[in-house]
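Colleague: I would like to learn how to read a structure like this one. Could you walk me through it, feature by feature?

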Amino acid sequence: SRLVRTTAALVRTLWDTSLAVAVPGVTTEAEAEWWRETGAQVGSGPLYGEPMTADELADALARQLRSGS
């Protein structure tokens, strides 16, 4: 579609100017793959986890470190 082509062109242009491309709202692995192939460096959204506060993130990271995963 035209929107897809335009979006891909925009991401490539930003990539060419050394600006980082962050994509919010990624919900499926197919979306994440498309964005990676297009050149986006960072994604967020339900695919990666629910939003959390800084304290919740610190707790989650501490739990991972303790569990060794």
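Modeller: Gladly; we will go through helices, salt bridges, the core and the surface in turn. This is a predicted model, so local features need pLDDT of at least 70, side-chain atom pairs count only at pLDDT 80 or more, and totals for chains, interfaces and linings use all residues. Residues are numbered from 1 along each chain as its sequence is written, and side-chain values use heavy atoms, with hydrogens and water left out.

Colleague: How many residues does helix α1 have, and what span does it reach?

Modeller: Helices (H or I, at least four residues) and strands (E, at least two) are DSSP runs, numbered from the N terminus. The expected span of a helix is 1.5 Å times one less than its number of residues. Helix α1 covers residues 2-16, so 15 residues, and reaches 21 Å from first C-alpha to last, close to the 21 Å expected. Helix α3, residues 54-67, has 14 residues and reaches 20 Å, close to the expected 20 Å.

Colleague: What phi does the chain take just after α3?

Modeller: Gly-68 has a positive phi of about 80° there. After α1 comes Ser-18, with a positive phi near 70°.

Colleague: Which residues are linked in a network of salt bridges?

Modeller: A salt bridge is a side-chain nitrogen of Lys or Arg within 4 Å of a carboxyl oxygen of Asp or Glu. By this rule there are two salt bridges, and they link Glu-29, Glu-33 and Arg-36 in a network. Glu-29 meets Arg-36 at 2.7 Å, N to O, while the closest N and O atoms of Glu-33 and Arg-36 are 3.0 Å apart. Glu-33 and Arg-36 both lie in helix α2 (residues 29-38), three residues apart, about one turn of the helix.

Colleague: Is Arg-36 buried, exposed or partly exposed?

Modeller: Buried means under 20% relative accessible area, exposed over 50%, and partly exposed in between (1.4 Å probe, protein chains only). Arg-36 is partly exposed, at 43%. Glu-29 is partly exposed at 47%, and Glu-33 is partly exposed at 34%.

Colleague: Which residues make the largest nonpolar core?

Modeller: In soluble globular proteins, nonpolar side chains tend to be buried together. A nonpolar core is a set of buried Ala, Val, Leu, Ile, Met, Phe, Trp, Tyr and Cys residues joined through side-chain atoms within 4.5 Å. Here the largest one has six residues: Val-11, Val-21, Val-23, Val-26, Ala-32 and Ala-40.

Colleague: What does Val-23 touch?

Modeller: Contact means heavy atoms within 4.5 Å. Not counting residues up to four places away in sequence, Val-23 touches Trp-35, Ala-40, Val-42, Gly-43 and Ser-44. Val-23 sits in strand β1 (residues 22-23) and counts as buried because its relative accessibility is 8%. Val-23 and Ser-44 are 21 residues apart along the chain, with C-alpha atoms separated by 6.3 Å.

Colleague: Where is Trp-35, and which residues does Trp-35 touch?

Modeller: Trp-35 is in helix α2. With residues up to four places away in sequence left out, Trp-35 touches Thr-7, Val-11, Val-23, Val-26 and Ala-40. Trp-35 counts as partly exposed, at 21% relative accessibility.

Colleague: Which residues make the nonpolar surface patch?

Modeller: Met-52, Leu-57 and Leu-61 make a nonpolar patch of about 270 Å². Patches are made of residues with over 30% relative accessible area and no salt bridge, where like charges are joined within 9 Å and nonpolar side chains (Val, Leu, Ile, Met, Phe, Trp, Tyr) within 5 Å. Accessible areas come from the Shrake-Rupley method with a 1.4 Å probe, and for residues only the protein chains shown count as cover. Leu-57 is in helix α3 and counts as partly exposed, at 42% relative accessibility.
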